[in-house]
There are 2 protein chains.
Amino acid sequence: MAAVNALIRTRMASEHAPRIPEVTAHLVEAGGKRLRPLLTLAAARACGYAGAFHVHLAATVEFIHTATLLHDDVVDESTRRRGRPTANLLWDNKSSVLVGDYLFSRSFQLMVETGNLRVLDILANASATIAEGEVLQLTAAQDLATTEAIYLQVVRGKTAALFSAATEVGGVIAGAPEDHVRALHTYGDALGIAFQIVDDLLDYTGSAEVIGKNPGDDFRERKLTLPVIKAVALADAAERAFWQRTIEKGRQEEGDLETAMDIMARHGTLAAARQDALDWAAQARAALEVLPESDLRMMLQDLSDYVVSRIN
Amino acid sequence: MAAVNALIRTRMASEHAPRIPEVTAHLVEAGGKRLRPLLTLAAARACGYAGAFHVHLAATVEFIHTATLLHDDVVDESTRRRGRPTANLLWDNKSSVLVGDYLFSRSFQLMVETGNLRVLDILANASATIAEGEVLQLTAAQDLATTEAIYLQVVRGKTAALFSAATEVGGVIAGAPEDHVRALHTYGDALGIAFQIVDDLLDYTGSAEVIGKNPGDDFRERKLTLPVIKAVALADAAERAFWQRTIEKGRQEEGDLETAMDIMARHGTLAAARQDALDWAAQARAALEVLPESDLRMMLQDLSDYVVSRIN
């Protein structure tokens, strides 16, 4: 991870435009869990990789992630991220859009350096899936007809696609057998879904200190996340009117967030979504059983517990 | 070009998010000159390429271009493009940002399909240079200390990098000798600079019908383009105060655009910038002399006249 961080620092520089490292450093140095690059490193080593390109791929994955965060905060008009004001607030939307584009391009430069066409194919496809998921979320947002299936599709796009690409390219660069590469993909996909469900739950149940942003943001932004989708499916007439007013029409009043929490508690949808997250984490763990036993396989499997530990 | 257009139409589709082809079609079907993909096709064929991947590369280049237009219009808060309302106006900034990201990713998928690592390297570098140029423009904007050298750097980034990549990859995919590849790069670079100077001139001297957007936009957005930079360098005290008020401080009043035009006419900076464009176009033409004579070489050379014809 030290090598990944060093590479990230080197490649986020720009000779000509000092605004670029300023904006990037703000986000990169705020920490973040560096979960995605860790997945790539661990997946490559778990498959016996002895080369150095997994560091490039890990930095690639983190750059793609950072670029999407910059653009997400513009799209969501967010003001806090990782416990700090967002870049779009500190600088402006323009800087966030363009620096995000720069990091995307840098990520492609990094992956091209590996010279591995299959890896390029996986990461290019993941990038397209991420953007598609974000657009789908944009149009599905505020629409009470959004089903759990659509939610899953959005989550697979905006979150799980990068997780599964991160683990899959680790296996590919290591030249692992096809069933191991497939297992790593399945693991990353399930882990990413668990991760996003947890994130969506914490938006309702977490404290600002734990989640590094303002709780209730999703409700205020009228996002249909899993506990809400489950609650809408179980709603009586009065509750349905409540969701229509607050989510569909966006006419929110003082106390609405608390009412939303009460409705979800009544139907047990926060607990049900929590169970879904645990199920996906268990699927992630199980997927890796096909890999040879090793400390790194165990670490990846334990990561599935870590991801859901925030709601346990 | 018919094959390129067909590929663009196929690849701009999205199974899951209909917003994507809507936004893309709005821009793609508005026409545009398709100059960049034409450069790639002609460069490849001028180097004797007999394969089919130049179509992929041409579509790649057009997707990168379309993605940057979507993001540019968000950054510049533009309202008209190619004679139509911009996507950010018709839909919203969010859609423009995310659909731009999608097209970027699609462009990488297309180039990966060629399986040519050198081509990938050139296009990844061009993408990074474009984003860097845009950020540089953002920070250089409104700063009267901007020199012609900085202007050239911005233009090389935001415009010429894609022109030169478009022509260079045509040569590379054709397996042309190194001096021909270099010549194609030099040609694209010079052509792109000429093209951008013309664009900047037309923003002052063109009519809305010819340029498909509102004339005077650059002035209102306080952009320091070549004729203004030349005028600032020659300004007396009163003129300097005018530029400080209108460009640096952005306190613009009725009639300021006309005054700016008068000042530039007095110093002959519109004519001087026009001469610069003609010089770059001549350099573009000359660069290709090293290529074997052919109809396509001649077409590329004639394109240098076409690019400046809008100000002749």
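**Residues, helices and the interface**

Reply: Gln196(A) has its place in helix 9 (residues 178-205) of chain A; helices here are DSSP runs of H or I with at least four residues, numbered from the N terminus. The model is predicted, so local features need pLDDT of at least 70 and side-chain atom pairs count only at pLDDT 80 or more, while totals for chains, interfaces and linings use all residues. Residues are numbered from 1 along each chain as its sequence is written, chains are lettered from A and ligands numbered from 1 in the order in which they are written, and side-chain values use heavy atoms, with hydrogens and water left out.

Me: Is Gln196(A) buried or exposed?

Reply: Gln196(A) is buried, because its relative accessible area is 6%. Buried means under 20% relative accessible area, exposed over 50%, and partly exposed in between (1.4 Å probe, protein chains only).

Me: What is Gln196(A) in contact with, leaving aside neighbours within four places in sequence?

Reply: Tyr151(A), Val155(A), Lys158(A) and Thr159(A). Contact means heavy atoms within 4.5 Å.

Me: Now Thr269(A). Where is it found?

Reply: In helix 15 (residues 269-287) of chain A. Thr269(A) counts as buried, at 1% relative accessibility. Setting aside neighbours within four places in sequence, Thr269(A) is in contact with Pro227(A), Lys230(A), Ala231(A), Leu234(A) and Met264(A). Its C-alpha atom is separated by 8.2 Å from that of Leu226(A), 43 residues apart along the chain.

Me: Which residues are buried in helix 1 of chain A?

Reply: In helix 1 (residues 2-11) of chain A they are Val4(A), Leu7(A), Ile8(A) and Arg11(A). They lie on the same side of this helix because they cover an arc of only 100° around the axis, the arc being that of the directions from the helix axis to the C-beta atoms. The face turned away from the buried side carries the exposed residues Ala2(A), Arg9(A) and Thr10(A).

Me: What covers the buried residues of helix 1 of chain A?

Reply: The cover includes helix 2 (19-28), helix 3 (35-46), helix 4 (53-75) and helix 6 (93-113) of chain A.

Me: Different topic. How many residues of chain A are in contact with chain B?

Reply: 37 residues of chain A are in contact with 37 residues of chain B. The area buried between chain A and chain B is about 3,600 Å², and carbon and sulfur atoms give 74% of that. Buried area is the accessible area (1.4 Å probe) that two parts lose on being put together, summed over both.

Me: How many salt bridges does the rule find across that interface?

Reply: Zero between chain A and chain B. A salt bridge is a side-chain nitrogen of Lys or Arg within 4 Å of a carboxyl oxygen of Asp or Glu.

Me: Which helices of chain A each supply at least two residues to the side that touches chain B?

Reply: Helix 2, helix 4, helix 6 and helix 7 (117-140) of chain A. Helix 7 of chain A gives the most, with 14 residues.
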